Amino acid sequence: MKTSHIILAFALSLASCSVQPRASWVTTTESEPWQEQPDLMAASADTIPTIDAIVHTDKKQQKIDGFGACFNELGWISLNKLASTVREEIMEELFFPEIGANFTICRMSVGANDFSRDWHSYNETDGDFDMKYFTIANDQQTLIPFIKNAQKYNSDLHLWASPWCPPSWMKYNKHYASAYTGEAYNEKYRNGLPADKVGQEGTDMFIQDSLYLQAYALYFKKFVQAYREQGIDIFAVMPQNEFNSAQIFPSCCWTSASLANFIGNYLGPAMKEEGVKVMFGTMERANEALVDTILTDPASGPYISGVGFQWAGKGAIPGVHERYPDMKLYQTEQECGDGKNDWSGAVYSWNLMRHYLDNGASAYVYWNISLDKGGINRWGWAQNSLVVVDPDTKMFRYTPEYYMMKHLSHYVRPGARKLETSGLYTNLLAFVNPNKSIVVALANEGNEERIVSIQIGNKVYQPLLPARSVSTLLID
């Protein structure tokens, strides 16, 4: 063989090696989070006798808008108990593109929620229908610096908002709460609502008078404008968090028929003037008919650009997605746990993500970004978070649920499409990014490690999944 032919053959061999399909991958277990593994080399499908799962790259499903969490007052307060340099490291990890969690879409409350310092609204002046005394002064201390700090790392962060409660004077009971804590309740956490002023699911606690409804639409409008003046754009609003739930913290029950009237004749037109989308939610019940009421109503239906689901609302999303396949659907609040931040909570989170994304959700939003150790709110409820701060030691840790989120959010880019999968192994999710890279996230909930054969096109990847783990494969 001539020397030139030998050189050519060697060059072709090198070229062949350089394009050998491979997957980078990361694993997380309870004791070893986010462990980078050696690249997986692909094998030809015809050489693997058993295929556990097939990723169908030609069967694209919903477009992904992104992943994120909610900006809550107690989150910002907890982060500020750390050294400023440490706080900035956390915010960079959460929000800087392609560094860590890569959060791109987040939520905030309009006024107080259950993880605010205490009750407040933007206007507690009774009868101020013209909103002359509207102010976001409270948020200047907490939510606005929190959001701006995130924007420093991701200037393209998308933000949507919903109220937990309107100004208290707009409710029939004239109180922020809708449920009675009772005398037996820890005095520290009582809400002061008289027992005869409680609300009930299936009723309207908001005063159904056009003067109040018009003022409330103006309240939303003032909120959007005030935040825009701060350099924070709200791209969408939902009219009420958990509109069926009478809670001991800020809350307000509505009927779906009354929400249809409010959206169609007041909120929808007001938000259209501001260039802000209206989504229906948040849906915390499995009753699909509540969504139908809004979407089929001739007044409200045309204004609705999407529907948000959380908690028991997960039971409604499959049917809604089936009947309204073109409607954008969001998961709006990760179920909050019990403040223990343990591995079992993380596994539950993984299965929630899989449920929502398998049923058409385009966004997945965790709840608390950060809390003090124990995670107790103003009303005595302990909840989980992505970051736990120890106020005594001034130390922090990322929780198992954080890594569960990161296994998707770090890799799946806005504009990605979810991919259909098939096979006997179903504990996985697959996506194709705008740059054509493939993301496969999969869990092994068993107590033994196992090999899973995943076919993509005519290639097969065979990761050895640790026991009780989640993994993500990236195929460029």
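Biologist: Why is E242 called buried?

Modeller: The relative accessibility of E242 is 9%. Buried means under 20% relative accessible area, exposed means over 50%, and partly exposed lies in between (1.4 Å probe, protein chains only). At 9%, E242 therefore counts as buried. The model is predicted, so local features need pLDDT of at least 70 and side-chain atom pairs count only at pLDDT 80 or more, while totals for chains, interfaces and linings use all residues. Residues are numbered from 1 along each chain as its sequence is written, and side-chain values use heavy atoms, with hydrogens and water left out.

Biologist: What makes the phi of E242 worth a remark?

Modeller: Most residues other than glycine have a negative phi, and most peptide bonds are trans. E242 is not a glycine, yet its phi is positive, about 45°. E242 sits in the loop between β8 (236-237) and α7. Strands are DSSP runs of E with at least two residues, helices are runs of H or I with at least four, and both are numbered from the N terminus.

Biologist: What is the phi of K394, and why does K394 count as partly exposed?

Modeller: K394 is a residue other than glycine with a positive phi near 60°. Its relative accessibility is 46%, so K394 counts as partly exposed. K394 belongs to the loop between β14 (387-390) and β15 (395-398).

Biologist: Which peptide bond is cis?

Modeller: The bond that joins G281 and T282, with omega about 5°. T282 is part of strand β9.

Biologist: Why are α7 and α8 called roughly parallel?

Modeller: Helix α7 (residues 256-274) and helix α8 (residues 288-296) pack at about 25°, and their axes are 9 Å apart. The axes are lines fitted to C-alpha atoms, for helices over the stretch in contact, and the angle between N-to-C directions runs from 0 to 180 degrees. Under 35 degrees counts as roughly parallel, over 145 as roughly antiparallel, 65 to 115 as roughly perpendicular, and the rest as oblique. The pair α7 and α8 is therefore roughly parallel. The crossing of α7 and α8 is right-handed.

Biologist: Which residues make the contact of α7 with α8?

Modeller: From α7 come S256, A257, L259, A260 and I263, and from α8 come L290, T293 and I294. Contact means heavy atoms within 4.5 Å. These residues divide into six nonpolar, two polar and no charged. Nonpolar covers Ala, Val, Leu, Ile, Met, Phe, Trp, Tyr, Cys and Pro; charged covers Asp, Glu, Lys and Arg; the others, Gly among them, are polar.

Biologist: How do you know that the buried residues of α8 are on the same side?

Modeller: The buried residues of α8 are L290, V291, I294 and L295. They cover an arc of only 125° around the axis, which puts them on the same side of α8. The arc is that of the directions from the helix axis to the C-beta atoms. These buried residues pack against α7, β9 (277-283), β10 (304-310) and α9 (317-323).

Biologist: What makes helix α11 largely enclosed by the rest of the structure?

Modeller: Ten of the ten residues of α11 (residues 400-409) are buried, so the helix is largely enclosed. K406 of this helix has 7% relative accessibility, and therefore counts as buried. Beyond its neighbours within four places in sequence, K406 is in contact with W34, E93, G100, A101 and Y411.

Biologist: Why is α10 called roughly parallel to α11?

Modeller: The axes of α10 and α11 cross at roughly 30° and come within 8 Å. That angle makes α10 roughly parallel to α11. The crossing of the two is right-handed. On the α10 side, W343, G345, A346, V347, S349, W350, M353 and L357 meet P400, E401, M404, M405 and L408 of α11. By class, the contact has ten nonpolar, two polar and one charged residues.

Biologist: Why does Y348 count as partly exposed?

Modeller: Y348, in helix α10 (residues 343-358), has 42% relative accessibility and so counts as partly exposed. Leaving aside neighbours within four places in sequence, Y348 is in contact with K314 and E335.

Biologist: How far apart are I51 and I454 in sequence and in space?

Modeller: They are 403 residues apart in sequence and 6.4 Å apart in space, C-alpha to C-alpha. I51 is in the loop between β3 (43-44) and β4 (53-63). At 27% relative accessibility, I51 is therefore partly exposed.

Note on methods: A crossing is left-handed if the near helix is turned anticlockwise from the far one by less than a right angle, and right-handed if clockwise.
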